[in-house]
Amino acid sequence: MKHQVFAVIALLLPQAAFADVLAVEPVTDDVWALVGPKVQRDPENLGNNATFGVVVTRDGVVLIDPGGSWQGAEMIDAAIDTITDLPVTHVIDTGGQDHRWLGNGYWQAQGAVVIASDAAVADHKDRGSMQMTGLSQLIGEGLEGTEPSYADVTFGSDHLLEVGGMRFEIMHRGAAHTPGDSFVWLAERDVMFTGDIVYVERILGVGGQSNVKSWIEAFGAMAAFAPAHVVPGHGGPTTLETATADSYDYLVNLRGRIGALIDDGGDILEAPEVDQARWSYLEQFESLAGRNAQTTYEQMEWE
């Protein structure tokens with residue numbers, strides 16, 4: 001039975017409200033992507049500027065990533081109710097960004113079990129206060145009700161979740177966009193949920209918490225499954241070919257160009273000038289490409 005407060009939420013958050021933010025896109029049988037905007041967090045998206053996965057099993061729903069706030073999780077719940085009446089029984093946090101875990105408390109209040117890698121939970125604890133402060137400035141009153149809440153089940157490198165006849169293989173293969181990024185393989189549907197290991201349609205972000213070298217390696221471990229369907233961390237459902245072009249190839253080029261710059265004696269101020277033009281079609285290229293280059297320079301300088 002759906003939680004009793006949904007009737008109230010439905011009045012406050014009608015379908016049109018989440019429809020303006022989350023596009024409900026079918027991927028394959030029993031699998032959907034909730035595709036959020038590729039812009040900054042704001043009071044309208046409530047921190048849900050990312051893509052989330054929904055898998056309907058006979059025993060309930062498995063949600064890939066909980067939303068960026070309590071109210072953001074409510075928005076996701078309303079979207080799920082257009083797909084199925086079954087409750088969310090499990091939530092998988094795929095990484096350390098706010099939209100990968102700050103909605104946990106909402107789902108735990110509904111009785112769902114939250115799963116995350118040990119490295120992700122350590123990152124949540126390390127950066128949670130900073131993320132809450134940032135969100136308070138970006139989404140304002142939309143942060144009301146949100147409190148950091150950590151996973152109920154954690155794992156080192158691998159975790160198998162079996163729900164309603166489906167097997168979810170959750171794998172952490174090293175730091176990527178964040179230290180605890182994981183991907184989720186649903187073999188029965190040939191679907192890979194990548195979290196922030198994959199961005200499509202918009203340029204990925206290399207931050208101080210990222211590791212470009214192991215990000216490339218984590219992508220390779222994910223791609224070895226050769227999924228027919230990829231649900232990325234940002235952007236719409238896609239193919240492995242597109243995921244490779246928009247994320248893996250970008251990272252390999254960035255690391256190669258910055259490595260050459262360092263070998264030639266170049267300094268960090270020159271990093272934004274390395275050639276990334278091949279990816280200028282991606283949204284937010286102008287605002288992030290230079291920063292990505294400088295952050296990668298800083299990482300590689302100390303290797």
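These legends describe close-up views of a predicted model.

**View 1. An open sheet of seven strands.** The strand order is S1-S2-S3-S4-S5-S6-S7, with mixed pairing. Strands S1 (23-28) and S7 (153-155) stand at the edges with a single partner strand each, so one side of each has no neighbour in the sheet. On average, neighbouring strands are turned by 20 degrees against each other, direction ignored.

**View 2. Strands S2 and S3.** S2 (residues 31-35) and S3 (residues 51-57) run antiparallel and are joined by five bridges. Trp32 stands opposite Val54 in S3. Helix H5 (residues 118-139) packs on the sheet, where it touches S6 (113-117) and S7. The direction of H5 makes about 95 degrees with that of S6.

**View 3. Helix H8 and its buried residues.** H8 (residues 285-301) has 17 residues and reaches 24 Å from its first C-alpha to its last. Its buried residues include Phe285, Leu288, Asn292 and Tyr297. The buried residues of H8 pack against helices H6 (212-223) and H7 (240-263).

**View 4. A buried salt bridge, Arg41 with Asp98.** The two side chains meet at 2.7 Å, N to O. Arg41 lies in the loop between S2 and S3, and Asp98 in the loop between S5 (88-92) and helix H4 (104-109), so the pair ties together parts 57 residues apart in sequence. Both residues are buried.

**View 5. The salt bridge of Asp158 and Arg173.** The side chains meet at 2.6 Å, N to O. Asp158 lies in strand S8 (residues 158-163). Asp158 is partly exposed, at 43% relative accessible area. Arg173 is also partly exposed, at 33%.

Notes
Residues are numbered from 1 along each chain as its sequence is written. This is a predicted model: local features need pLDDT of at least 70, side-chain atom pairs count only at pLDDT 80 or more; totals for chains, interfaces and linings use all residues. Side-chain values use heavy atoms; hydrogens and water are left out. Two strands pair if DSSP finds at least two bridges between them. Helices (H or I, at least four residues) and strands (E, at least two) are DSSP runs, numbered from the N terminus. Axes are lines fitted to C-alpha atoms, for helices over the stretch in contact, and angles run from 0 to 180 degrees between N-to-C directions. Contact means heavy atoms within 4.5 Å. The expected span of a helix is 1.5 Å times one less than its number of residues. Buried means under 20% relative accessible area, exposed over 50%, partly exposed in between (1.4 Å probe, protein chains only). A salt bridge is a side-chain nitrogen of Lys or Arg within 4 Å of a carboxyl oxygen of Asp or Glu.
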